[in-house]
Amino acid sequence: MEKSTKICIAYCGPSVDNGSMDAKTLGEVLISMSSLVNQANRLLNNDNSSIDVRVKADFQKGSFEIVLALIQTLPEQIKSLFVAGYSIDQIAQFLDLTNNGIEVAGAVGGGLFWLIKKLRTRRIIKTVEKENGQVEVHPDKGAPFIVYKPVYNLFVDKNVREALPGLVKPLEQAGVDHFEVRDIHEMARPVMSINKEESEYVKTVPEDVIEEKCSCYVISVTVEAAVFDGSHKWKFNDGDTSFTATVADKDFLAKIAAGQIRLGPQDLLDVKLEKHQQIKNHRKLGHTDNVITQVVKYTQQN
């Protein structure tokens, strides 16, 4: 099974205004594009499909413009399992290779190039997973902002980032000023642009990313052990596993202290649970700290 989408990229400046480019440089650009989309596909779809990059149009004068077809091939034997994967159109959106945009309610961010340009040299020190597949990114300087989770995952993936420098390598030459992604239906209109200064951020492969990750859930639990020694680290069961969590809901604790709530072994609590982890390159470091920030509902069992 094959699915395809078209993208248009261009290099602008005096030395390419005649629509020509050195064959070696062109080859490096095409290799980098193939590596980028396939590394993104590997990360987002767990190697369930492959992507071919094919040149589809003549080069136009006034810039060096290339129209490419990205063709996603899925093996027949796993086609039925691919419903939860990302299509080639979505991958192109996450990479900022199309102007279709990313349709996520409430998200303010764009794709990979947008995120690189926004952060520039800033480091990510914390992320908070939100609803609808969003991630709240906290940089070391400036206010936090929202991006779509696949875009964030692409940003911190070393294999994806190592594929990017070849796309902006032509900007190292004198007379090549911009790398652009253009509207496939109106090719004179750029929808994403990288200048020489910004290309340095694109070429930077991030060092090991160590951050605090916070995931938030609303779950139902029973209390296996309540501790009132000041730490308020209780033991809970969510129906499948037992875990410890710090109870930080002062109103709930005050009601217990006042005798307004008397917990029984089968009483059910609906709680807001935060999981705090240290993450290095997508992998957890050490243990997970669980914090119950609010007891939303208390149901006494007879």
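1. A search of the whole structure, which is a predicted model, finds 0 disulfides. For cysteine 12 the reason lies in distance: the closest cysteine sulfur, that of cysteine 8, is 9.6 Å away, which is too far for a bond, given that a disulfide requires the two sulfur atoms to be within 2.5 Å.

2. The surroundings of two cysteines can be described by their relative accessibility. Cysteine 12, at 13%, counts as buried, whereas cysteine 216, at 41%, counts as partly exposed.

3. Cysteine 216 also belongs to the lining of the second largest pocket, together with Glu129, Lys130, Glu131, Ser215, Tyr217, Val218, Lys272, Leu273, Glu274 and Thr293. This pocket holds about 250 Å³ of space, and its lining comprises 5 charged, 4 nonpolar and 2 polar residues. Strands S9 (210-225) and S12 (268-280) each contribute at least two residues to that lining, with the largest share, 4 residues, coming from S9.

4. Elsewhere in the chain, strand S10 (residues 233-237) runs antiparallel to S11 and is joined to it by 5 bridges, with lysine 233 standing opposite threonine 246 of S11. The two strands form a hairpin with 4 residues between them, and glycine 239, in the turn, has a positive phi of about 100 degrees.

How values were computed:
Residues numbered from 1 in each chain as written. Predicted model: local features only at pLDDT ≥ 70, side-chain atom pairs only at ≥ 80, totals over all residues. Heavy atoms only, no water. Buried < 20%, exposed > 50% of the residue type's maximum accessible area, 1.4 Å probe, protein only. Pairing = 2+ DSSP bridges. 1 Å grid on protein atoms, 1.4 Å probe; cavity = no way out; pocket = protein on both sides within 12 Å on 5 of 7 lines; lining within 4 Å. Points joined across faces, edges and corners; volume = space filled by probe spheres on them. Nonpolar A, V, L, I, M, F, W, Y, C, P; charged D, E, K, R; others polar.
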